[in-house]
Amino acid sequence: MAIRRVVVVGAGFAGLSTAWFLQERGVEVTVLDRTGVAADASWGNAGWLAPALTLPLPEPTVLRYGIRSMLTPSSPVYVPPAVDLRLWRFLVGFARHCTTRRWRAAMTVFAEVNRSALGAYDDLARGGVVEQTRPADPFLAAFASEDDRRVLVEEFRQVVAAGGEVDFDLLDGDTIRTLEPLLGDGVRAGIRLRGQRFLDPPRFVAALADSVRDRGGAVVTGCEVQAVRDDAHGVRVVGTGGTDRAADAVVLATGAKLGDLARPFGVRMPVQAGRGYSFSVRPADLPKNPIYFPAQRVACTPLHDRFRIAGMMEFRRPDAPLDPRRIQAIVDAARPLLTGVDWSARTEEWVGSRPCTPDGLPLVGGTRSPRVFVAGGHGMWGVALGPLTGRLLADAMTGTPATVLRHFDPLR
């Protein structure tokens, strides 16, 4: 079946990247989104393109937190106490994958895609996407103690053993504070990473949407897709406002709500909202590069005129309101490690839902219908892997699937 017209549902990194790469292959595309371009997790994340840190989310250290810490509001990984059978089924599946053996197996897959992820961004740049990625030099990880640093160093050793690449130097407290004066006296040790990049998420996704439009595609916002109907005559997308669009194929890239539309086509893998929080501050001297506090799981990124501070993994329903306690927990974690920040002058307080799977691997590929495809389930790595996902899926829909997609089978 020749694919000439495709409707993509979802205008985040994965959906727009898929639309863009389909256009590269001569396909006419329409992108539909219920809210707008970069409306959820694609808007408020840290914007890191850091292969060294793009790792499977189910990891043994998560289990070391224990149930007690996961129920504590200030914990970096938080599960609000609630009677939610779907959530607890997801957590049981997630816990089963938090073993060393399964993490290593998943890391082998991540090592393969991480080698190609930045190249997909280079394809977008060569193709005319005007917002550029920026090299992170230096990309700094900061620690309150050398003991904290050993945890990440050991993780890097495991990454290399699984076929990944990490280029880093160890720094003492004085050296890392010299490289980044915003770091406070609470920082006693550091790591300098090489070969990483970052971007401004809202600006980049807006530029990607503009490029899709400039190349003849349509990006329609304010349209919530209610059903995808597939029969002998083709596939149709039905949404609010009288939307009824026919196409040769549909791509579902709806983030944490992916299961709602994909389930009728055989996608049974749970997709749970792992909600992240962020806010912006404006220190007197804005850093030029990202800073990571691994022990606190707090990510900091300069976004042109402001400094975004992000963190938390809160397993909760995607439409739950922002919980101010999560913002305060990030402030409390970062305050001893940064200096010259007016924490009371926060702006852009935000919560968004990362689409997480129990095994930590994305859902990318076909479904039981030859006309319905899926692009999602990236967890924290929708920015890092979104363009590569788009390129891989566009290739699979119009030619031969890459072998790595067998690991991302939505029907697994």
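In strand β13, A247 is the bridge partner of V235. Strands here are DSSP runs of E, at least two residues long, and helices are runs of H or I, at least four, all numbered from the N terminus. Residue numbers start from 1 along each chain as its sequence is written. A word on the source: this is a predicted model, where local features need pLDDT of at least 70, side-chain atom pairs count only at pLDDT 80 or more, and totals for chains, interfaces and linings use all residues, while side-chain values use heavy atoms, without hydrogens and water.

Back to the strands. β12, residues 234-239, runs antiparallel to β13, and five bridges join them. Two strands pair if DSSP finds at least two bridges between them. The order β11-β12-β13 makes an open sheet of three strands, with antiparallel pairing. β11 (225-231) and β13 (243-247) are the edge strands, each pairing on one side only.

Now helix α4, residues 85-96. Its twelve residues should span 16 Å at 1.5 Å a residue, and its end C-alpha atoms are 17 Å apart, which agrees. That expected span is 1.5 Å times one less than the number of residues.

Which residues of α4 are buried? They are L87, F90, L91, G93 and F94. Buried means under 20% relative accessible area, exposed over 50%, and partly exposed in between, with a 1.4 Å probe and protein chains only. Down the axis of α4, the buried residues fall within an arc of 165°, so they line one face of the helix. The arc takes the directions from the helix axis to the C-beta atoms. On the other side of α4, L85, R89 and R96 are exposed.
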